[in-house]
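Student: I have a structure open and want to learn how to read it. Where should we start?

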Amino acid sequence: MKTDDLVSMLANGEVAVSRRRASSRIWLAVLLGLPFSFAILLSGYGVRHDIVQAMFWPMFWVKVLFPLCIAAAGFVAAERLARPGVKPRHAWMGAVLPVLGVWLLAAIAWFTMPADDRMPALMGQSWRICAASIGLMALPVFAAALFALKGMAPTRPALAGAAVGALAGGVGASVYALHCMELTAPFLAVWYVSGIAVPVLVGALLGPRLLRW
Amino acid sequence: MERNTVGSRKNPGDVEAALRGLFLRGLDGDAKAYRDFLLQLSAHLRAFLGKRLFGWPDEVEDLVQECLLAMHNQRHTYQSDQPLTAWVHAIARYKMIDLLRAKSAREDLHEPLDDDLAVFAESAQEASDAKRDLGGLLETLPDRQRLPIVHVKIEGRSVAEAASLTGMSESAVKVGIHRGLKALAARFGNGWGAAA
């Protein structure tokens, strides 16, 4: 087929297209995935019994909001990376700064607490299941957002996959925070950050395979 | 190689404005403007890719076609607040890297790939023949995708006519066109590995 024939073919018939924004596609993915994350929380874990009381503790909000900041940064980066020629610019800062903040809090806590309290603060009661649970609750949003990006045109698929991982990991961690009883900064700095880092890495690895177009 | 430099050199800014105007009208449903857009775009792509792939002149026209098909399929990802040059360049670069990766001969590339404005700097009107035959690839699609494309996109019939000819519903015809063009793009890209 000659190129001019291809042009005629492409221009024939209806050429209008609905330009639903990348951001609204990814929003839809989050809205579709989120109920499943909550379903996993409620059926397999349960909300912590003192949730109302916990809402008066600043550390509870740190635990819920720092992953949400990472999710927001992942959202912005994914939305930009989904469109050819749009650079993610400073979106990654939104993911890095909350992590640095939590690490700073953890360092302050670590060096101001008695040496005997350090390891219990770091490991808590639930270090074994924390990162894996965050990954599990991230999964529905992760799958839905990857699917949304599959319908767009990411030209840097590894980065786009990592951004989806940050979005899903951040959402998963803040949903898991409603169950988790741990309230120390060192615990968050290690186990929450790992729980979010896993989907980011998985996304970076899957992106080039799944997001080809 | 002369054919790649045949044609005109224009100010990329003017080209951007003209092409963007045609493209946006096309996205709103103006088929004539869309056709003009694709024709001019293919000339720019031919010059842009020809310059960068001068080791493989035979691949240029294939890659032009692949880029056109990709840009058509992904046209919903263009947002009007964005320079068209950047969008076109990013897609052309992505498809070119795909090709180069398949050939695994990136060290032979003499031009830097990050030359954003260059994509509209020149245009080459004269098309050489494509090696990979899109018509042949079309034959490999299943009927529910092939027939809608043949009736609507090649013979120029309406969706309603194609629906009555094939016994499909109108929405199935539209879906068939959409999925068929995507499948065509995927098969086109997969061919590089075999050709390398």
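Tutor: Start with one residue. Ile91(B) is buried, because 25 other C-beta atoms lie within 10 Å. The terms run like this: a residue is buried if 20 or more other C-beta atoms lie within 10 Å of its own, exposed if 12 or fewer, and partly exposed in between, with C-beta atoms placed from the backbone. Before going on, note that this is a predicted model: local features need pLDDT of at least 70, side-chain atom pairs count only at pLDDT 80 or more, and totals for chains, interfaces and linings use all residues. Residues are numbered from 1 along each chain as its sequence is written, while chains are lettered from A and ligands numbered from 1 in the order in which they are written.

Student: Where does Ile91(B) lie?

Tutor: Ile91(B) lies in helix H5 (residues 84-103) of chain B. Helices (H or I, at least four residues) and strands (E, at least two) are DSSP runs, numbered from the N terminus.

Student: Which residues is Ile91(B) in contact with, leaving aside neighbours within four places in sequence?

Tutor: Two residues are in contact if their C-beta atoms, placed from the backbone, lie within 7 Å. For Ile91(B), the list holds Pro84(A), Ala153(A), Cys67(B), Ala70(B), Met71(B) and Gln74(B). Take Gln74(B). It is 17 residues from Ile91(B) along the chain, and their C-alpha atoms are separated by 9.3 Å.

Student: Can we try another residue? Is Ala163(B) buried or exposed?

Tutor: Count again. Ala163(B) has 20 C-beta neighbours inside 10 Å, so it counts as buried. Ala163(B) is found in helix H8 (residues 159-166) of chain B. Setting aside residues up to four places away in sequence, Ala163(B) touches Met168(B), Ser169(B), Glu170(B) and Val173(B). Ile149(B) is 14 residues from Ala163(B) in sequence and 11 Å away in space, C-alpha to C-alpha.

Student: Now whole chains. How many helices and strands are there in chain B?

Tutor: Chain B has 9 helices and 0 strands. Its pattern along the sequence is α-α-α-α-α-α-α-α-α. Chain A also comes to 9 helices and 0 strands. Of the 213 residues in chain A, 47% are buried. In chain B, 42% of the 196 residues are buried.

Student: What do contacts say about a whole chain?

Tutor: Look at how far apart the partners sit in sequence. Take contacts in chain A between residues at least 6 apart: 86% join residues at least 24 apart. For chain B, the share is 72%. As for extent, the C-alpha atoms of chain A fill a box of roughly 75 × 35 × 25 Å, taken along the principal axes.

Student: How do I read two packed helices?

Tutor: Two packed helices are described by the angle between their axes and the distance between the axes. Axes are lines fitted to C-alpha atoms, for helices over the stretch in contact, and angles run from 0 to 180 degrees between N-to-C directions. In chain A, the axes of helix H2 (residues 22-45) and helix H4 (residues 58-81) come within 9 Å and cross at roughly 130°. H2(A) and H4(A) are therefore oblique to each other. Angles under 35 degrees count as roughly parallel, over 145 as roughly antiparallel, 65 to 115 as roughly perpendicular and the rest as oblique.

Student: Which residues make the contact of H2(A) and H4(A)?

Tutor: H2(A) brings Ala22(A), Ser23(A) and Ile26(A), and H4(A) brings Phe75(A), Ala78(A) and Glu79(A). They divide into 4 nonpolar, 1 polar and 1 charged. Ala, Val, Leu, Ile, Met, Phe, Trp, Tyr, Cys and Pro count as nonpolar, Asp, Glu, Lys and Arg as charged, and the others, Gly among them, as polar.

Student: How many residues of each chain are in contact with the other chain?

Tutor: 28 residues of chain A are in contact with 36 residues of chain B. Helix H1 (residues 3-11) of chain A gives the largest share of chain A's side, 8 residues. That side has 15 nonpolar, 7 polar and 6 charged residues. H1(A) packs with helix H4 (residues 57-73) of chain B at about 5°, with the axes 10 Å apart. H1(A) is therefore roughly parallel to H4(B).

Student: Where is confidence lowest in chain B?

Tutor: pLDDT is the predictor's confidence in each residue, from 0 to 100. In chain B it is lowest in helix H1 (residues 2-5), at a mean of 43, and highest in helix H3 (residues 31-52), at 92. Where pLDDT is low, the predicted coordinates should not be read in detail.
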